[in-house]
Amino acid sequence: MTKPELFNKKSKMDLQDKLQMEPFERITCSFYRYVKISSPEAMRDALYLEWDALNILGRIYLAYEGVNAQISVPKPNWVEFIAKLYLRSEFDKMPFKVAVEDEHESFLKLIIRIKTQIVADGLIEVEEYDLSNIGTHLTAKEFNNAMEEDSSIIVDVRNHYESEVGHFEDAICPDVDTFKESLPLIKELLKGHEDDKVLLYCTGGIRCEKTSAYLKHNNFNDVNQLQGGIISYSHQIKSENIESKFIGKNFVFDKRMSERITDEVISNCHQCDESADSHTNCRNQACHILFIQCSNCDKKFGGCCSQECHEFSKLSIEDQRELRKNPNKAAPMLIFKDRVRPKLKDLAEKRRNS
């Protein structure tokens, strides 16, 4: 008996064409749970076959500690997807965060990967936190009310490129590239505030779970977290007519890049410094750096981060491959990477001092 293939073989162009031809709507959502999965490999194979048959797309991480998923489900298959998911004891009554905006093309294919952790925290000792002892979950209304208390400290548990386009008012936004850097930095930033009310938030809640457990383990006594993250917050403020204390966009890790929560544009183009909050990846695949670009610079640089990358991207694939073999010749396409981070830090410093 031939073993079924558990990965996609189609090209990006074929996947895009197939997606555009679909006659139905899709639901983009995310979910996570810290739960013991005895065999992530077996779970991965079973889920791939089950979800591929339902035409589900997305990116899912499985580990012994649980699941972290961002997926796109055909609307006609949503009920069947939920029913089958709930049949597994590990995922019974799983709460979902449905996307605020859904432009249909959030994902192109189904990827399920086995990871050591569903969210890499960079900690060496497992004993540095206890996931059974996490912070208090707050609804949108409760979170807003807590922000008004004098002793409250609001902390963004996301990376710098997420918080630069949207964040809660007066939040501490750590200047980090990865979650691995966040935990020790947040602990240091909050030093001396162990008895104050700490309010944590992230995209969907998963990073707050570990952060709140880590802070409680390190003797912070009043740790709270936004239930369901910014995604759930945005739904609640609309359905309950609550004032949004989050301003700007919510960065998301799919093709959409972001969901607009409020109309404010709080960031700037990394190339010309004009007001802008649209992230893009440099179209030079040898660079592919994530940065903010306004529409004028998009036209000027062809979606690239610099003129050097623009010129490089216009070369034939064969010439690009040849140049990439020689680091000295390919070096100009990397100059923006050395320029963008210091600029971001300067902008953040100006905002803090304004």
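Both faces of strand 3 are covered in this predicted model: Gly66, Asn68, Gln70, Ser72 and Pro74 on one side, and Val67, Ala69, Ile71 and Val73 on the other, are all buried. Buried here means under 20% relative accessible area, exposed means over 50%, and partly exposed lies in between (1.4 Å probe, protein chains only). Strand 3 is thus described as mostly covered, with nine of its nine residues buried. Helices (H or I, at least four residues) and strands (E, at least two) are DSSP runs, numbered from the N terminus. Residues are numbered from 1 along each chain as its sequence is written, and side-chain values use heavy atoms, with hydrogens and water left out. The model being predicted, local features need pLDDT of at least 70 and side-chain atom pairs count only at pLDDT 80 or more, whereas totals for chains, interfaces and linings use all residues.

The protein chain contains 13 helices and 14 strands. Of its 354 residues, 49% are buried. Among contacts (heavy atoms within 4.5 Å) with a separation of 6 or more, 68% are between residues 24 or more positions apart.

Strand 1 pairs with strand 3 in the antiparallel sense over nine bridges, and Thr28 has Ser72 of strand 3 as its bridge partner. Strand 2 and strand 3 also run antiparallel, joined by seven bridges. In this pair, Tyr61 has Asn68 of strand 3 as its bridge partner. In general, strands of a sheet pair through backbone hydrogen bonds, either parallel or antiparallel.

The largest nonpolar core has 25 residues. Such a core is a set of buried Ala, Val, Leu, Ile, Met, Phe, Trp, Tyr and Cys residues joined through side-chain atoms within 4.5 Å. Phe31, Trp51, Ile60, Ile71, Phe81 and Phe96 have the most contacts inside this core. Two or more residues each come from strand 1 (26–34), helix 2 (40–53), strand 2 (57–63), strand 3 (66–74), helix 3 (78–86) and strand 5 (110–114). Leaving aside residues up to four places away in sequence, Trp51 touches Phe31, Ile56, Ile60, Phe81, Leu85, Leu110 and Ile112. Another core, of 24 residues, lies apart from the largest one and includes Val119, Phe179, Cys208 and Leu215.

Helix 3 has Trp78, Phe81, Ile82 and Leu85 among its buried residues. Seen down the axis of helix 3, the buried residues fall within an arc of 95°, so they line one face of the helix; the arc is that of the directions from the helix axis to the C-beta atoms. Strand 1, helix 2 and strand 3 are among the elements that cover these buried residues.

A further group of strands forms an open sheet of four, with the order 6-10-9-7 and parallel pairing. Strand 6 (136–138) and strand 7 (152–156) are the edge strands, each pairing on one side only. Neighbouring strands of this sheet are turned by 30° against each other on average, direction ignored. Axes are lines fitted to C-alpha atoms, for helices over the stretch in contact, and angles run from 0 to 180 degrees between N-to-C directions.

Within this sheet, strand 6 pairs with strand 10 (residues 222–226) over three bridges, and His137 stands opposite Gln225 in strand 10. Strand 9 is joined to strand 10 by four bridges, with Lys197 opposite Asp222. Strand 7 pairs with strand 9 over five bridges, and the bridge partner of Val155 is Leu200 in strand 9.

Strand 9 is mostly covered, with five of its five residues buried. Lys197, Leu199 and Tyr201 point one way from this strand, while Val198 and Leu200 point the other way. Helix 4 (residues 140–147) lies across strand 6, strand 7, strand 9 (197–201) and strand 10, at about 135° to strand 9. Strand 9, helix 7 (residues 206–217) and strand 10 make a right-handed β-α-β unit. A crossover is right-handed if, with the strands pointing away from the viewer, the path from the first strand over the helix to the second runs clockwise.

Technical notes
Two strands pair if DSSP finds at least two bridges between them.
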